[in-house]
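Please find below a colleague's note on the structure, arranged as numbered points.

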Amino acid sequence: TAPRQGASAPRWSPDGETIAFLSTTPANTTQIWLLPTTGGEASQLTTHATSVSSPSWSPDGAFLYFLAADPPTDEETRKQKDRDDVYAFDENFKQVHLWRVAVAGALERRLTSGDFSIQSYELSRDGRRIAVHRARGPFQEHSADGEIAVMDASGGEPVRLAGSEFRQSGAR
């Protein structure tokens, strides 16, 4: 399947052989696609239930990390289908969490969970740890109450380093 429209967020693989990018699928979700730098067709890597954002390669090129909102519940899906899903903009938001996908095999793994959103993240140079900026929700207004934490790149509970006593954003 080819991307439906547009491309954004291009990221070179560490070996320079592949470019990962975001594009919308025919199902109208944004997913990660891979394109060989020698030419050819792009192939879809992720088939996540919701749109993904902020792709980042692991230093060894084995994984791509990304952010994605929690999927709707069965009840929310039913209400959407019945057109019975009216709510205020910030009333029914979904938390955004950090995921990783194996480039070989496309196996996705959720790395964070809980009643918070990962607003940004950055892998350490050696790829073993991740700095995250997490907040009580996904909107910019939630950033002021956020905190900086560090976690293992394979998952686990983030360890808080700094909280809302400091104004912070964009963990790098």
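Does Tyr121 count as buried or exposed?

1. Tyr121 counts as buried because its relative accessibility is 6%. Here, buried means under 20% relative accessible area, exposed means over 50%, and partly exposed lies in between, with a 1.4 Å probe and protein chains only. The residue belongs to strand S9, which covers residues 117–123. Strands (E, at least two residues) and helices (H or I, at least four) are DSSP runs, numbered from the N terminus.

2. Residues are numbered from 1 along each chain as its sequence is written, and side-chain values use heavy atoms, with hydrogens and water left out.

3. The confidence of the model deserves attention. pLDDT is the predictor's confidence in each residue, from 0 to 100. The protein chain has an average pLDDT of 83, and 74% of the residues score at least 70. Over residues 165–169, however, pLDDT stays under 50, and the model has 9 contacts for them beyond four places in sequence. A contact means heavy atoms within 4.5 Å. Where pLDDT is low, the predicted coordinates should not be read in detail.

4. The surroundings of Tyr121 can now be described. A polar atom of the Tyr121 side chain lies 2.4 Å from the backbone oxygen of Ser54. A polar atom of that side chain also lies 3.0 Å from the backbone oxygen of Tyr65. Tyr121 and Ser56 are 65 residues apart in sequence, while their C-alpha atoms are 9.2 Å apart in space.

5. Tyr121 also takes part in the largest nonpolar core, which has 14 residues. Such a core is a set of buried Ala, Val, Leu, Ile, Met, Phe, Trp, Tyr and Cys residues joined through side-chain atoms within 4.5 Å. Those with the most contacts inside this core are Tyr65, Leu98, Ile118, Tyr121, Ile130 and Val132. Two or more residues each come from strand S6 (63–69), S7, S9, strand S10 (129–135) and strand S11 (147–152). S9 gives the largest share, 3 residues. A second, separate core of 12 residues includes Leu45, Trp57, Phe66 and Trp99.

6. Two strands pair if DSSP finds at least two bridges between them. In general, strands of a sheet pair through backbone hydrogen bonds, either parallel or antiparallel.

7. Within that sheet, strand S2 (residues 18–24) pairs with S3 in the antiparallel sense over 7 bridges, and Phe21 has Trp33 in S3 as its bridge partner. S2 and S3 form a hairpin with 5 residues between them, and Asn28 in the turn has a positive phi of about 70 degrees. Strand S3 (residues 30–36) is joined to S4 by 2 bridges, and these strands run antiparallel. Opposite Ser43 in S4 stands Leu34, and opposite Gln44 in S4 stands Trp33. S3 and S4 also form a hairpin, with 6 residues between them; Gly39 in its turn has a positive phi of about 105 degrees.

8. Thr50 is buried because its relative accessible area is 11%. Not counting residues up to four places away in sequence, Thr50 touches Thr30, Gln31, Ala68, Ala69, Asp70, Pro71 and Pro72.

9. Another open sheet of 4 strands has the order S5-S6-S7-S8 and antiparallel pairing. S5 and strand S8 (108–110) are its edge strands, and each pairs on one side only. Strand S7 (residues 96–102) and S8 run antiparallel and are joined by 3 bridges. The bridge partner of Arg100 in S8 is Arg109.

10. Finally, Gly156 lies in strand S12, residues 155–162. Gly156 counts as partly exposed because its relative accessibility is 45%. Beyond its neighbours within four places in sequence, Gly156 is in contact with Leu111 and Met151. From Gly156 to Thr112 the separation is 44 residues in sequence and 7.2 Å in space, C-alpha to C-alpha.

Conventions:
Predicted model: local features only at pLDDT ≥ 70, side-chain atom pairs only at ≥ 80, totals over all residues. Polar contact = N/O pair within 3.5 Å; in protein donor to acceptor, adjacent residues only side chain to side chain.
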